[in-house]
Amino acid sequence: MLKVMLVDDEAIEREGIRLILSRNRDNLEIVAEAQNGKIAVEKALDTEPDIIFMDIKMPDLDGLKATQKILNQLPHAKCVMVSAFDTFQYAQEAMKYGVKEYLLKPSKVQEVLDAFDRMAAEVEEEKEQMQEKQDIEQRLERASSLVEMDFVISLMMDHVHDFNQDDWNDWLDLDDQQGFAAVFYFQAEERKPDREQKTQWYQTLKRALATQPYPYFVGPLIGFQIPVFVKYQADNTGLTERENFARLMIRTMQHQLDNCQLCVGIGSVVANFQHFSKSYEQAIYTLEMVEKRSGSAYLVYSKQLEDKRKNFVPFDLEKDLLEAVKNGDTRKGLEVFEAYFQWIQKSVNYQIELIQKAMENLFIVLTRATKEFGFGEDVQMNFHPYETAMQVKQAAKAHLQTVMEEINKWRTNGVQGILIQVKGYLDSHYQDAVSLEGIAEKVGLSSYYLSKLFKEHFGVTFVEYLTNIRIQKAKDFLLDGSKPLKEIALDIGYKDPNYFSRVFKKEVGLSPSEYRNKYI
């Protein structure tokens with residue numbers, strides 16, 4: 001509905017244009033009337049009309065000056081100048097402000113309607129262009145966010161990727177930036193928070209990151225953790241700056257979190273993003289240390305912590321164990337576990353309480369790691385019933401073997417079954433508001449891993465497959481010939497018919513109308 005304002009010092013002239021428009025057009029609403037230029041400016045700024053019929057000769061402030069003031073504030077408004085004087089000077093002056101329509105009094109009905117129609121067409125075209133621009137900006141913003149996530153994950157996991165360094169630089173402006181990893185852990189009272197709660201955590205973190213001075217990339221929420229790569233140029237270790245960063249983030253976020261304690265682990269500053277995985281490992285280690293300390297909300301990796309870590313479990317050993325468990329490699333996992341357990345015993349001086357706690361922490365870490373790729377079972381275990389180190393070891397080893405066997409079965413049968421289930425869901429629910437994130441939640445996978453597995457298994461991305469289904473259904477409807485385009489768009493899952501037309505033309509090479517005309 002277009003908003004129209006009428007400005008004329010003669011009420012009969014305003015009434016005349018009102019009657020012409022209201023009797024002949026149903027796509028408008030008269031939102032304001034004014035009898036002089038001064039009032040017109042005030043009402044225009046209040047109601048923000050799309051189209052203004054403006055008389056030129058008026059007391060207090062004439063139409064030309066009023067138009068100038070209004071368009072300075074509302075540049076997208078369209079003005080139709082109305083005058084009883086057929087002088088080129090007025091028309092020339094009006095053109096300076098971008099006015100394209102000029103009516104002479106008394107105006108004929110068709111002249112008023114034609115002027116309105118031309119301005120209405122311009123308004124609708126500009127609104128459509130504005131909406132399209134906003135859609136593109138939103139898609140680019142989402143794409144940039146997904147690229148950031150993919151980038152952070154590739155650094156965390158040391159993935160080989162289709163993107164090379166130049167590609168990352170083009171998207172993210174890296175240029176060998178120094179930086180450090182920070183891992184945020186949301187220690188919630190609720191063991192299984194819903195998607196809405198997790199979304200709130202993620203958005204709270206992003207808002208808090210926007211308040212601190214350093215550029216950053218945010219990874220996905222995996223389990224209860226969110227990894228972040230913070231770009232920071234430092235001539236030294238940046239210990240104070242990293243501590244200030246952690247304190248600022250906790251202070252900014254904690255009061256916004258309900259029934260949830262925020263913890264942060266910070267890695268060391270690395271020379272460039274290619275060494276991010278090293279800083280990430282350190283951040284994970286410091287986060288584990290935070291969880292073991294009472295009353296501590298953050299810890300920053302330092303030289304002292306590194307020396308202490310060398311006397312504890314080698315990180316590479318723990319990493320190898322996690323990798324073996326993820327792959328369901330029972331032989332390698334049990335082999336690494338033997339060495340791991342020996343280090344644990346030695347580092348805690350064979351104290352049974354500390355060995356029990358270390359084993360419990362191991363299976364907490366395993367639960368997080370396996371949930372990351374979609375294995376939804378909670379593998380945590382209580383070791384307090386066991387009284388000797390040998391009993392703890394045998395119980396942990398047996399439980400670890402069971403976990404790896406279950407993961408191996410799940411990898412063999414579960415993943416394929418899940419993907420077939422997802423594909424079937426798309427085949428039967430293509431007309432609904434389907435999203436990768438929503439389906440990932442239904443099947444218990446992270447959106448990142450579902451996307452990755454779907455592409456590996458079917459050779460097309462999740463979005464490409466969904467689009468292909470919708471386009472094929474659209475073709476069937478178009479060839480049937482009985483449904484209008486708007487209804488077809490809604491029936492195949494597109495709320496915006498214009499967006500449907502653009503997608504169809506991109507995929508098929510013809511607009512929906514051209515396709516229907518060609519094949520019917």
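## Helices, strands and the whole chain

Helices (H or I, at least four residues) and strands (E, at least two) are DSSP runs, and both kinds are numbered from the N terminus. In this predicted model, the secondary structure of the protein comes to 20 helices and 10 strands. Of its 520 residues, 45% count as buried. Among the contacts in the protein with a separation of 6 or more, 66% are made by residues 24 or more positions apart.

## Helix α17 and the glycine after it

Helix α17 covers residues 462–480, and its 19 residues, at 1.5 Å a residue, should span 27 Å; the C-alpha atoms at its ends are 28 Å apart, which agrees with that expectation. Several of its residues are buried, including Phe 462, Tyr 465, Leu 466, Ile 469, Ile 471 and Leu 478. The buried residues of α17 also include Thr 467 and Arg 470. Just after α17 comes Gly 481, which takes a positive phi of about 80 degrees.

UniProt, in an unreviewed entry, lists Asp 55 for "modified residue: 4-aspartylphosphate". In the model, Asp 55 is placed in strand β3, which runs over residues 51–55. Its relative accessibility is 3%, and because buried means under 20%, Asp 55 counts as buried.

When neighbours within four places in sequence are left aside, Asp 55 is in contact with Val 7, Asp 8, Asp 9, Gly 63, Val 82, Ser 83 and Lys 105. With one of these, Lys 105, there is also a polar contact between the two side chains, at 3.3 Å. Lys 105 takes part in a further feature, as the peptide bond from Lys 105 to Pro 106 is cis, with omega near -10 degrees. Pro 106 itself lies in the loop between β5 (101–104) and α5 (109–157).

Thr 47 has its place in helix α2, which covers residues 37–47. With a relative accessibility of 19%, Thr 47 counts as buried, since the cut-off for that label is under 20%. The side chain of Thr 47 reaches the backbone oxygen of Lys 43 at 2.7 Å. Setting aside its neighbours within four places in sequence, Thr 47 is in contact with Lys 3, Val 31 and Ala 32.

Ile 30 lies in strand β2, made up of residues 28–34, and it counts as buried with a relative accessibility of 19%. Not counting residues up to four places away in sequence, Ile 30 touches Val 4, Leu 6, Arg 18 and Leu 21. Ile 30 and Ile 52 are 22 residues apart along the chain, and their C-alpha atoms are separated by 9.8 Å.

## Two loop residues with positive phi

Most residues other than glycine have a negative phi, and most peptide bonds are trans. Glu 48 has a phi near 50 degrees, a positive value in a residue other than glycine. Glu 48 is found in the loop between α2 and β3, where its relative accessibility of 45% makes it count as partly exposed.

Asp 60 likewise has a positive phi, of about 70 degrees, although it is not a glycine. Asp 60 lies in the loop between β3 and α3, the latter covering residues 63–73. With a relative accessible area of 67%, Asp 60 is exposed.

In soluble globular proteins, nonpolar side chains tend to be buried together. In this model the largest nonpolar core has 59 residues, and those with the most contacts inside it are Met 359, Leu 400 and Leu 426. Helix α14, which covers residues 389–429, gives the most to this core, contributing 12 residues. Domain 3 (315–413) and domain 4 (415–519) both give residues to the core, so the core lies between them.

Leaving aside residues within four places in sequence, Leu 400 is in contact with Leu 321, Val 325, Gly 333, Leu 334, Phe 337, Phe 363 and Leu 366.

Definitions and conventions: Residues numbered from 1 in each chain as written. Heavy atoms only, no water. Buried < 20%, exposed > 50% of the residue type's maximum accessible area, 1.4 Å probe, protein only. Polar contact = N/O pair within 3.5 Å; in protein donor to acceptor, adjacent residues only side chain to side chain. Contact = heavy atoms within 4.5 Å. UniProt positions renumbered as here; feature names shortened; annotations may be inferred. Expected span 1.5 Å × (residues − 1). Core = buried A, V, L, I, M, F, W, Y, C linked by side-chain atoms within 4.5 Å. Domains from an automatic or database assignment.
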